[in-house]
Amino acid sequence: MIRKRAISSCTPLLRDRLTAKGYRPGTEEEVHESYFTVSVAERWHGDEHVLVRATLASGIAVSYTPADGGPDRANDIDPAALALLLSQGDDASVRRRLEALGLDRLSRLLIHRTTYRNPNFPAYAVSLAVVKGIGTYVEAEALGTPEPEAALTTLEFGLGLGAFPLQRAPYRQFAIPAWDPRLVGYDGWHTTPTVSHDTKTGEVSRDTARGRATA
C-alpha cells in the first residue's frame, strides 16, 4: 500500500530528515508513461485508457483499462499486438490503430523516483518522486504488513510527513498533453531489451533493439 503527499520545495529538508532517521537512497528509476484517451467525451468513456509504460529495468509494457460501466474493448485494442508493433519500431501503426478506436488524445508523464530504505525497518519504503512539469511527491509504502493503514500512519508520524497535503488522485490525472511546452526535450518512451507478460494484468513487454521510441 502506498500513500503519497505533495512536498514542493521541501525536498532537501525531507532528504535530510530521512538521512537522520537512518534511511539511505537505494534504487533510482525513470518511469515514462504515455496515456491514450478519448478526446470526444461520451457518457461511458470515463477513465478508459491505454497506457504505454517504460522503465530501464522492466522494459516497455502496454496495458488497457476500460471505463467503469462501459464496454471492455480489450479484444479490439489488443495490448499484446500493440507491444509487438512498438518492439518493431512501428509507432505510427499504434497511433493509427488507437485513433481509429477513438483513443486519439496523447498525454505523458515522466517520473524520476528515488527509493529510500532503512535496514532496521524492512517493511517500509519511502520514495521521492519528481514528476516533470508537475511537482515533487513523497511516497510512503508499507510492504507486506497485515495492517497497512496503521503501518503507514506510524511511518508518516515518525518522519513528520503529516504536514504535507495528501494526494489521492493517481498520477495519470496529472498527465500533460504531448504538445505541452513543459515536455520540451521529452519525445516519448525508452525501450529496453526485456520481455515479460503478466497474465493477470495483461501487461506485455517485448524485446527491442532500439534505444528510444517516439509516439
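Begin by selecting arginine 113 and glutamate 139, whose side chains meet in a salt bridge at 2.8 Å, N to O; a salt bridge is a side-chain nitrogen of Lys or Arg within 4 Å of a carboxyl oxygen of Asp or Glu. Arginine 113 lies in strand E5 and glutamate 139 in strand E7 (residues 135-142), so the pair ties together parts that are 26 residues apart in sequence. Both arginine 113 and glutamate 139 are buried, where buried means under 20% relative accessible area, exposed over 50%, and partly exposed in between (1.4 Å probe, protein chains only).

A note on the model is in place here. The model is predicted, and local features need pLDDT of at least 70, side-chain atom pairs count only at pLDDT 80 or more, while totals for chains, interfaces and linings use all residues. Residues are numbered from 1 along each chain as its sequence is written, and side-chain values use heavy atoms, with hydrogens and water left out.

Next, select threonine 114, which is placed in strand E5 (residues 105-117). Threonine 114 has a relative accessible area of 12% and is therefore buried. Apart from neighbours within four places in sequence, threonine 114 is in contact with Pro25, Thr27, Glu28, Val126, Ser127 and Leu128; contact means heavy atoms within 4.5 Å.

Move on to arginine 53 and glutamate 33, which form a salt bridge with their closest N and O atoms 3.2 Å apart. Arginine 53 belongs to strand E3 (residues 49-55) and glutamate 33 to strand E2 (residues 24-37), so this pair joins parts 20 residues apart in sequence. Arginine 53 is partly exposed at 29% relative accessibility, whereas glutamate 33 is buried at 8%.

Now select glutamate 156 and arginine 5, whose side chains meet in a salt bridge (2.9 Å, N to O). This pair links distant parts of the chain, 151 residues apart: glutamate 156 is in helix H5 (residues 148-159) and arginine 5 in strand E1 (residues 2-6). Glutamate 156 is buried at 5% relative accessibility, and arginine 5 is buried at 11%.

Finally, show the whole protein chain. It contains five helices and 13 strands, which are DSSP runs numbered from the N terminus (helices H or I, at least four residues; strands E, at least two). Of the 215 residues in the protein chain, 42% are buried. The whole structure holds eight salt bridges.
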